[in-house]
Amino acid sequence: PKPVLAVVGRPNVGKSTLVNRILGRREAVVQDTPGVTRDRVAYDALWNGRKFTVLDTGGWEPSADGLAGAVAAQAEYAMTHSDAVVVVVDATVGATATDEAVSKVLRRSKVPVILVANKVDDDRLIADTASLWSLGLGEPFPVSALHGRNSGDLLDAILAAL
Ligand code: GDP
Ligand code: MG
């Protein structure tokens, strides 16, 4: 069976944009208004001759538990139904309470977790990503999903983890 990569994170951090970057095609729906991605959508990916499945998550409805609860539930699902998890945060915003809630779930993960600091469109933003070490998920991997900056290196790291 093909390995599964799950992409999690709070709304609007660029999960679907990153999924499209991984796929090399625009298939996942990117929206300026958060909350558009349906619950979980699986796509077929291919990198360096290896096939894998990418799961775009995010169809949260702010529930009784609020946003953090809904996103944490997606993270819980992701780490039990995948072979590796990419958690995306917005480097231009920094770690939010929701990012912390997701990270708390993922720190218990038995599958490898890669922390992606997205929206690093400019090298000057790399220094800001150091604060994301506080999430306890290891070294933040700076990328720009929109422009593709560093996305090849990220894909190599993903394949090594799968
Ligand atoms: P999702 O809700 O996490 O799936 O986020 P989306 O992929 O739908 O993106 C939300 C918004 O962030 C859109 O307006 C994207 O164009 C924007 N975005 C995504 N990645 C980047 C990036 O690397 N740099 C910048 N500047 N914007 C980005
Ligand atoms: Mg999305």
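Where is the place of A127 in this chain? I begin with that residue because A127 is exposed, having 9 other C-beta atoms within 10 Å, and its place is in the loop between β5 and β6, the latter being residues 141-142. Please keep in mind throughout that what we are looking at is a predicted model. If you look from A127 towards A91, which is 36 residues away along the chain, you will find that the C-alpha atoms of these two residues are separated by 9.9 Å.

Let me step back to the whole chain. The protein chain has four helices and six strands, and, when we read along the sequence, these elements follow the pattern β-α-β-β-α-β-α-β-β-α. Of the 162 residues in the protein chain, 43% are buried. If we consider the contacts in the chain with a separation of 6 or more, 66% of them are accounted for by residues 24 or more positions apart.

Next, the helices. Two packed helices are described by the angle between their axes and the distance between the axes. Here, the axes of helix α2, residues 66-80, and helix α3, residues 97-106, come within 9 Å and cross at roughly 30 degrees. Angles under 35 degrees count as roughly parallel, and α2 and α3 are therefore roughly parallel to each other. Their crossing is right-handed. As for which residues meet, α2 contributes L67, A68, V71, A72, A75, E76 and M79, while α3 contributes A97, T98, A101, V102, V105 and L106. The residues of this contact divide into eleven nonpolar, one polar and one charged.

Staying with α3, how many of its ten residues are buried? Seven of them are, and so the helix is mostly covered; the buried residues in α3 are T98, D99, A101, V102, S103, V105 and L106.

Finally, I would like to turn to the backbone at two asparagines. Most residues other than glycine have a negative phi. At N12, however, phi is positive, near 75 degrees, in a residue other than glycine. The place of N12 is in the loop between β1 and α1, the helix of residues 15-23, and N12 counts as partly exposed because it has 17 C-beta neighbours inside 10 Å. N150, although not a glycine, has a positive phi of about 70 degrees. This residue N150 lies in the loop between β6 and α4, the helix of residues 151-161, and N150 is partly exposed, with 18 other C-beta atoms within 10 Å.

Technical notes
Residues numbered from 1 in each chain as written. Chains lettered and ligands numbered in written order. Predicted model: local features only at pLDDT ≥ 70, side-chain atom pairs only at ≥ 80, totals over all residues. Axes fitted to C-alpha atoms, helices over the stretch in contact; angles between N-to-C directions. Parallel < 35°, antiparallel > 145°, perpendicular 65-115°, else oblique. Left-handed = near helix turned anticlockwise from the far one by under 90°. Contact = placed C-beta atoms within 7 Å. Nonpolar A, V, L, I, M, F, W, Y, C, P; charged D, E, K, R; others polar. Buried ≥ 20, exposed ≤ 12 C-beta atoms within 10 Å, placed from the backbone.
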